[in-house]
Amino acid sequence: MSVPGPPDVIPVPKPRAKYLFGKSLAQQPSIERNGDAPLPPPDVQINTQMKTQETDIQHEASVDGSSHQSTSASVPPDLLDVKSSETLVWPSSISISSGLSVEALRSADSDDSPAASDSPKTHQHLSKGQHNVQKASKTDKLTDVQWANEEIHLQSESLQKMPDRPKKPRAATIRVSRKKQTLSGQKSDQTRSEFTVSQSSWLDVWKGRKHMVLWATLDGNLMSMWKKRTDKFTEYVFHVASVTNISKQEHGRFSIHLQKKHFEFMAHNAAVQDGWLHSLYDSRGREAIAAPKKHGPLSMKDRRKKVYSAICGHSLWIYSSKEDFNLGLGMMCVSMNIASVKSTGRYGFSLITPYRTFNFSADSSKEASAWLESLNDVIRNALSYSEVALRLWSSPCNKVCADCGAANPEWASVNLLVVICEACAGAHRSMGSSRSKVRGLKLDDKVWTEPLIQLFVLHGNKTANNVWGHNIPPTEQISPLASPDQRAEFILAKYHKGLYRKAHPLAASQKLLDQRLREVVCGPAVEETVSLLCSGAKVSCSSSDPELKSAIAVAESAGQALQTELLRHNEFVEAPDFEQTRHSEEQMEELHGKLDEERFLFSQENQSAAYDVLDLTEVVSVFDCSDGETHQFEVSTLTDRLTCSADERNALLSHMTHIMKVVLADTVKQDDLLGVFAVSKLSIREGAALQFAEVWCSLQEGEMSVHTLQLRSRETLILNAQTRCYLQSSENCILLEFPDRTFHMQFELEHSCRRWHELLQKAMSSSTDGQQRAGSVPTSVHRCISHITLHGLMVEGLYRRCGIAPQISKLVDTLRVSPKEAVLQTDELSVLDVSGALKQILRQSELIPQTHRPHWQNAAALPGEKVRLQTYRELLKQLPPDNIATLSALCAHLNNVQKHSQTNRMTAHNLAVIFVVIFFQELAMNINMVQMTRELILNHTHIFRSPVETDGAIVTVF
Ligand SMILES: [Zn+2]
């Protein structure tokens, strides 16, 4: 495998050395990797480059005096060719609407920052200034201009008046194909309806110079931006009342102004843009948030950052500065009805939520206690006010009906975990309570237990729609104005037929679904429980095993109150059939993927805004699928499989190893990942251990590494001709046997399991050194050994006790005819049958042929263990390869058995007494032969595996 060169890395240009930069790009210099410094992902490199260039621009611009240029980098590059910019009328009364003290405070404070940029003007200015550059780039037909960064790149060149533009490498993006609509679940490909005020999608966001791709949501009151869809806390959040202006530009772009600051957005298509603009427009006139009860500076200990905080309503808002507080631009808004506070020392206090603990410190102990008192007040208030509706609505997604988007829904389906409007509640009721249990938020007091409320606050519409509404075609999504028929039809399709749901990966097997449910409810992952229930996992399992605890009992004993509550409401509920779900045919879509630290950003076209984002921490497998012709790798999550392809090997490797590095949580250096062709998350169990451990395994030629991320440890196992690998496809399991150890590898996905089986065999076969044909162990022997290793190591008197003779003969026959299909039982008596069968098969196979036996007898009589062992090695080499392999596997197995002799009572000596008969038959009465067999078992690693020593005298007995 060729060592990849620089993976599309662009060296960071030194200030004012852009010409060099251009040149160095062309000749693709090797990168210097300083020691262990992690190699940033390809795209991060670009960012670094961008930043430097921005600095350049600014620097040079001030030197040149052409100060107008200096602002250009902060504008979404594509704005440059905006020809028309439409500004929607944003009633100014809104921005100062409430006339409450917040606004008063804000306007009072806003004077200290210099003149605000008037955005539309700036745009015009820019489009003029950059017009030529834009034109130049167009005429050059640069085919692989990627993302929007390119324009910035060009700008900087125009400043230098450099004629030869360096060709932008294809580095930044990679072609990705995946099943259509599986990952995003976006409903906003088309605007839901102009009447709804809720909106969500991925957007490219520019705040000043900073470019980000964020998941944005609008609930009619708050616009929130998150780094991941599943994040619990935002990057930015503001109330629509703080918006002073919104404007629409071409190519999916729009901007939102908050007095002096503004955000620029780019949606991946015009429909999404329209949806946002409509929703924003419709949310005008909302009442501003209440005046803060308390506000002031605080330090956030975990970030070592000064922040500004305010208690507004039932929430604590955290702003990055006082200026942002004045503008109403928050970093996050923490709802107090799920929080508690406690004092941590004189100046400090902690705000504890189910997801995160915020550690603050105030400037003085007096301030600290004032904050503590106010927060406690709010928490008490939030709880006493806690009419169910208020609490449920504290989660933005619950503020609008899960089905039609109507505002302030007052009903809920307690088993489906959705908050819905009155009209939708009617449609839910008509499905019957075996599908949806409808309760009123302001009625039905009794149902609203604390755990149920928490379930809705923490999950509710967000989680439920991710699962049940995963694939809603825009044309089928209803609006609040839908007719009763439309509404009923939609709700039936969504929950009764399950047409839009995201199938759980195990949905194909009822058994695995039920099993997984009992695993999941032991932990806090409510999302997965919802997904399992939606795919038909049964809460009250009618398993054949009466001892098996129900999922509810399991959740209860694990102390998972939320899980228990959710299961209770779903105990007698029917899930839709799976046959009907084959609604969306498997269509593939082709995207452009770009790495961004721990995320993979996708766009539909090379230059367009982000359309979807994959959080790399969700990845469970990465496989290199390249062959001589193509350069491809595959990335799987529990719900998705992406195929990524590049034109050349290095581009592929840079992306693939980056992803591998992220999933292995940086426990491995990027260089060490070269040559790795598979990385997967799996559960592993060694030998007869009962517990599976969750690990990551990586595979390369001749070795497999087991990474335990929590311990940051790695163990490397050598794969060679003596390693055996056996696929148990019904259980997504691989049995991997080394001469002295056995591993049970359990995969979540069938696909990953099969792929690993293939690749393991490849990794093993490629490792034979070719000197000698590696022998193989007969399948029948191999199966018996595996079976006993898994189920028999703890059986007392293993190999000594006899099984039932007729059963054994039957088993021997079956194993001989169809060794792979033979059914082996796992109870103790059956294990003894298997061990009996194994002995019989071995006896018949004459592992040490009769003609060789006298030499062995002589060797056994030699004085000195070292000499004897050396002689055994010599003698072994004269056996047929298959016999060596079988003997080796067997001795390794027996060694494993004797390690458990405290339980099974089978010491090496006891085993030798039994196996000497099998190996040497007529010589078995000789005491030396028993000792030799014992030595073969105890020293099998030395005898069978270590290379032959060439130095020193080798004693031969012939
Ligand atoms: Zn509704």
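Contact here means heavy atoms within 4.5 Å of each other, and helices are DSSP runs of H or I with at least four residues, numbered from the N terminus. What we have is a predicted model, in which local features need pLDDT of at least 70 and side-chain atom pairs count only at pLDDT 80 or more, while totals for chains, interfaces and linings use all residues. Residues are numbered from 1 along each chain as its sequence is written, and side-chain values use heavy atoms, with hydrogens and water left out.

Let me start with helix α22 (residues 779-791) and helix α24 (residues 828-845), whose axes, lines fitted to C-alpha atoms over the stretch in contact, come within 10 Å and cross at roughly 150°, the angle running from 0 to 180 degrees between N-to-C directions. That makes the two helices roughly antiparallel, a term for angles over 145 degrees. From α22, Ser-780, Val-781, Cys-784, Ile-785, His-787, Ile-788 and His-791 meet Val-831, Val-834, Ser-835, Leu-838, Ile-841 and Leu-842 of α24.

Now to the metal: the zinc ion is coordinated by the SG atoms of Cys-401, Cys-404, Cys-421 and Cys-424, at 2.2 to 2.3 Å, where donors are N, O and S atoms within 2.8 Å of the metal (3.2 Å for Na, K and Ca). Angles among the four donor atoms are 105 to 118°, and the site is tetrahedral, which for four donors requires all angles to lie between 85 and 135 degrees. Along the sequence, the donor residues follow the spacing C-x2-C-x16-C-x2-C.

Finally, the axes of α14 (residues 460-468) and α17 (residues 526-534) come within 9 Å and cross at roughly 40°.

Technical notes: Four donors count as tetrahedral if all angles lie between 85 and 135 degrees; four count as square planar and six as octahedral if opposite donors are over 155 degrees apart and all others between 65 and 115; anything else is irregular. Angles under 35 degrees count as roughly parallel, over 145 as roughly antiparallel, 65 to 115 as roughly perpendicular and the rest as oblique.
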